[in-house]
Amino acid sequence: MTAAHQWTLAEMPDLSGKRALVTGVTSGIGEHTALELARKGAEVVMAARNESKLRRAVDDIRRVLPTARLEPLLLDLADLGSVRRAADEAVALGELDLLVNNAGVMATPERRTVDGFELQLGTNHLGHFALTGLLWPALTKAPSARVVTVSSLAHRLVRRVPLDDPRTTTGHYRKWTAYGYSKLANLLFAFELDRRARAAGAAVTSMAAHPGYAATNLVHAGMNMDGTRADGAIGVGATRLLGQPADLGAQPSLMAATMPGLAGGSYTGPRGFGELRGLPTVVGASRAARDGKLARELWEVSERATGVTFP
């Protein structure tokens with residue numbers, strides 16, 4: 001792809017006969033990702049943790065696309081038991097051509113997942129790590145599968161990820177630092193997954209994407225979890241003023257998921273100033289995100305924490 005190339009939704013290929021699974025589909029980036037994949041003919045397994053919101057999201061897409069093939073899937077990434085149940089249901093459907101690891105939480109107060117992990121790392125990284133590993137049999141059945149993991153500009157806030165047991169507490173929790181750890185972990189996982197898939201000769205490519213500064217409810221939801229509305233109101237106001245619409249924020253994920261010939265290990269994001277907004281293109285990641293040693297160490301920590309290993 002040349003520097004002048006402007007990828008748009010018009011370049012998405014026909015996806016008839018393909019099956020995709022997208023996490024976090026009840027609003028924002030995930031909802032638009034599912035919609036556009038369905039518009040191109042894919043069967044979309046729509047995964048989310050809130051049953052009523054999931055039903056509403058499915059109904060919303062069916063109103064736009066009455067013939068869309070949609071499969072709702074209850075999935076709580078903050079509960080490994082739920083991840084295992086959802087993965088079993090998804091594997092039973094047959095081969096999986098595309099997995100978009102989109103769901104996440106951001107800037108939450110200190111909380112723990114069902115399994116005792118710090119909430120942001122546990123949801124954004126460990127939940128998706130486990131889900132991808134458990135879906136590996138379905139992904140490798142497809143002739144050529146892709147895994148897209150959604151990261152963030154916030155991965156540049158940190159230069160490392162914690163490599164101790166993610167159930168430990170330090171007493172020095174900072175919500176934006178914790179978010180940065182989880183988003184750097186997303187990139188380390190995406191790039192290491194691609195290296196391992198190629199080494200194993202698997203017909204699976206792994207890439208990453210980020211939405212820039214997108215106007216979604218992610219900031220509001222996370223920052224209001226502790227009942228303090230002032231931070232949330234400031235975040236929502238800034239997002240509405242500066243953020244691009246969620247449908248544009250979804251385009252880097254859609255480019256990574258569908259662009260023919262895009263190399264494994266690619267990272268896509270907006271091409272505008274500071275990668276905050278604009279049409280998608282291939283972008284750079286931090287030096288820490290490309291650290292192979294750190295990625296291998298995080299992989300080992302993730303296997304121990306989740307009990308999931310990739311075949």
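At 18% relative accessibility, glutamate 275 counts as buried (buried means under 20% relative accessible area, exposed over 50%, and partly exposed in between, with a 1.4 Å probe and protein chains only). Glutamate 275 sits in the loop between strand E7 (267-270) and strand E8 (280-282). Its phi angle is near 60 degrees, a positive value in a residue other than glycine. Helices (H or I, at least four residues) and strands (E, at least two) are DSSP runs, numbered from the N terminus.

Alanine 107 also has a positive phi in a residue other than glycine, here near 55 degrees. You will find alanine 107 in the loop between strand E4 (98-101) and H4. Alanine 107 is buried, with a relative accessible area of 1%.

## How to read this model

This is a predicted model, in which local features need pLDDT of at least 70 and side-chain atom pairs count only at pLDDT 80 or more, while totals for chains, interfaces and linings use all residues. Residues are numbered from 1 along each chain as its sequence is written, and side-chain values use heavy atoms, with hydrogens and water left out.

## The chain as a whole

What does the secondary structure of the chain come to? There are 10 helices and 8 strands. Of the 311 residues in the chain, 54% are buried. The accessible surface comes to about 13,300 Å², and carbon and sulfur atoms account for 53% of that surface. Accessible areas come from the Shrake-Rupley method with a 1.4 Å probe; for residues, only the protein chains shown count as cover.

Now look at contacts, meaning heavy atoms within 4.5 Å. Among contacts between residues at least 6 apart in sequence, 77% join residues at least 24 apart.

## Salt bridges

A salt bridge is a side-chain nitrogen of Lys or Arg within 4 Å of a carboxyl oxygen of Asp or Glu. How many salt bridges does this rule give? The count comes to 11.

One of them joins the side chains of glutamate 43 and arginine 19, at 3.3 Å from N to O. Glutamate 43 lies in strand E2 (residues 43-48) and arginine 19 in strand E1 (residues 19-23), so this pair ties together parts that are 24 residues apart in sequence. Glutamate 43 is buried at 13% relative accessible area, and arginine 19 counts as buried at 15%. Glutamate 43 also forms a salt bridge with arginine 69, where the closest N and O atoms are 3.7 Å apart. That pair links distant parts of the chain, 26 residues apart: glutamate 43 is in strand E2, and arginine 69 is in the loop between helix H2 (51-64) and strand E3 (70-74). Arginine 69 counts as partly exposed, at 37% relative accessibility.

Elsewhere, arginine 167 forms a salt bridge with aspartate 165, with the closest N and O atoms 3.7 Å apart. Arginine 167 is partly exposed, with a relative accessible area of 39%, and aspartate 165 counts as partly exposed at 39% too.

## Two buried alanines in helices

Alanine 295 lies in helix H10 and is buried, with a relative accessible area of 2%. Which residues does alanine 295 touch, leaving aside its neighbours within four places in sequence? It is in contact with Leu188, Glu192 and Arg195. Alanine 295 and glutamate 192 are 103 residues apart along the chain, yet their C-alpha atoms are separated by 6.1 Å.

Alanine 197 is found in helix H5 and counts as buried at 3% relative accessibility. Leaving aside its neighbours within four places in sequence, alanine 197 is in contact with Trp136, Ala202 and Val204. From alanine 197 to threonine 140, the C-alpha distance is 9.8 Å, and the two are 57 residues apart in sequence.

## The second largest pocket

Rolling a probe the size of a water molecule over the atoms shows where empty space is left. On a 1 Å grid over the protein atoms alone, a pocket is an open set of points where a 1.4 Å probe fits, with protein on both sides within 12 Å along at least five of seven lines; lining residues have an atom within 4 Å of a point. The second largest pocket has a volume of about 440 Å³, a volume being the space filled by probe spheres set on the points, which are joined across faces, edges and corners.

The lining has 23 residues, of which Glu118, Pro162, Asp164, Thr170 and Tyr181 lie nearest the centre of the pocket. Helix H4 (119-141), helix H5 (175-200) and helix H10 (292-306) each supply at least two lining residues. By class, the lining has 9 nonpolar, 7 polar and 7 charged residues. Here Ala, Val, Leu, Ile, Met, Phe, Trp, Tyr, Cys and Pro count as nonpolar, Asp, Glu, Lys and Arg as charged, and the others, Gly among them, as polar.
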